[in-house]
Amino acid sequence: MAYDYEYFKKAVFDLTKIDLNAYKEKQMKRRIDTLIAKNKIVGYDNYVAALKSDTVKFEEFVNYLTINVSEFYRNVDQWQLLDKEIFPDLIKRYGNNLKIWSAACSTGDEPYSLVMALSRHLPLNQIKIYATDLDKQVIAKAKVGLYGEKSIAGVPADLKKKFFTQVGPSYQISNEVKARVEFKEHNLLKDTYLSDFHLIVCRNVLIYFTEEAKDEVFRKFQKSLKPGGYLFIGSTEQIINHRDVGFERKNSFFYQKPM
């Protein structure tokens with residue numbers, strides 16, 4: 001069975017360029033086995049054959065693999081800190097043209113939250129968020145910008161009123177917010193990182209990576225930031241060895257590249 005899974009990891013990389021070796025094996029293998037059983041397929045080899053021949057199964061697999069769980073203003077207290085301390089510090093130091101990256105952005109909740117939060121400090125036409133994910137399906141959903149009530153529960157009331165329109169049971173984010181976000185496909189483990197960011201936001205994704213993969217990503221984020229720039233991570237993640245990967249700890253969720 002172990003040999004079968006090793007074969008499967010290689011086949012998945014050949015098909016998707018997603019390196020399953022970078023994910024915690026027990027956790028990821030359990031997820032994949034559940035999906036294979038759901039499709040009533042026996043064996044990794046048969047599932048690989050199905051992925052090669054069935055576009056629907058292939059897209060379902062990539063979407064399932066990339067663990068897309070997201071919501072606006074997730075962990076509101078951290079967004080309040082971003083609003084009260086981090087944004088003012090960045091604007092004071094670098095001015096209004098901030099370069100911000102929402103990495104592993106999922107269905108767009110996070111980059112759109114960044115636009116709305118930053119709109120308290122800057123005119124919308126001066127805001128630009130670079131948002132990436134390796135799953136083209138969730139990027140497509142993000143570009144549509146239609147969300148359930150639960151997803152937007154954390155959005156401050158004034159911003160919800162200003163930037164959302166109710167469409168039946170769902171909520172449509174405004175075109176003026178959507179226009180401030182540029183979405184692209186990007187694999188954190190394989191693709192080249194851009195540079196000179198003032199803020200990188202990557203939350204609740206790296207918990208699924210091995211320690212080695214996490215360190216590699218954190219080091220790349222550090223190189224992608226300008227001196228004095230910040231990395232904003234999730235409530236379930238802490239960089240225990242933050243000094244080793246080149247960061248100073250601002251608090252549990254914000255790490256700063258030294259000046």
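These are my notebook entries on a predicted model, written for anyone meeting this structure for the first time.

**Ground rules.** I number residues from 1 along each chain as its sequence is written, and side-chain values use heavy atoms, with hydrogens and water left out. Since the model is predicted, local features need pLDDT of at least 70 and side-chain atom pairs count only at pLDDT 80 or more, while totals for chains, interfaces and linings use all residues.

**Confidence.** I looked up pLDDT, the predictor's confidence in each residue, from 0 to 100. The protein chain has a mean of 90, and 97% of its residues reach 70 or more. I name helices (H or I, at least four residues) and strands (E, at least two) as DSSP runs, numbered from the N terminus. Among the elements of the protein chain, helix α4 (residues 55-65) has the lowest mean pLDDT, 78. Strand β7 (residues 197-201) has the highest, 98.

**The three-stranded sheet.** I count two strands as paired if DSSP finds at least two bridges between them. What is the order of the strands in the open sheet of three? I read β3-β5-β4, with antiparallel pairing. The edge strands, each pairing on one side only, are β3 (146-148) and β4 (164-167). From one strand to the next, the twist averages 35°; for such angles, axes are lines fitted to C-alpha atoms, for helices over the stretch in contact, and angles run from 0 to 180 degrees between N-to-C directions. Three bridges join β3 to β5 (residues 170-173) in the antiparallel sense. Leu-146 has Gln-172 of β5 as its bridge partner.

**Strand β2.** Is β2 buried or exposed? I call a residue buried under 20% relative accessible area, exposed over 50% and partly exposed in between (1.4 Å probe, protein chains only). Five of the five residues of β2 (residues 129-133) are buried, so the strand is largely enclosed by the rest of the structure. Ile-129, Ala-131 and Asp-133 are buried on one side, and Tyr-130 and Thr-132 on the other. β2 pairs with β1 in the parallel sense over four bridges, and Trp-101 stands opposite Tyr-130.

**Positive phi.** Most residues other than glycine have a negative phi. Tyr-73 has a positive phi of about 50° although it is not a glycine. I found Tyr-73 in the loop between α4 and α5 (76-94), buried with a relative accessible area of 6%. Ala-104 also has a positive phi, near 55°, and sits in the loop between β1 (100-103) and α6 (109-118).

**The largest pocket.** On a 1 Å grid over the protein atoms alone, a pocket is an open set of points with protein on both sides within 12 Å along at least five of seven lines, and lining residues have an atom within 4 Å of a point. The largest pocket has a volume of about 270 Å³, taken as the space filled by probe spheres set on the points. Of its 16 lining residues, the closest to the centre are Thr-16, Val-62, Leu-134, Lys-136 and Glu-185. Which helix gives the most to the lining? It is α4, with three residues. The lining divides into five nonpolar, four polar and seven charged residues; Asp, Glu, Lys and Arg count as charged, Ala, Val, Leu, Ile, Met, Phe, Trp, Tyr, Cys and Pro as nonpolar, and the others, Gly among them, as polar.

**Glu-237.** I found Glu-237 in the loop between β8 (225-232) and β9 (248-249). Glu-237 is buried, with a relative accessible area of 6%.

Note on methods:
1 Å grid on protein atoms, 1.4 Å probe; cavity = no way out; pocket = protein on both sides within 12 Å on 5 of 7 lines; lining within 4 Å.
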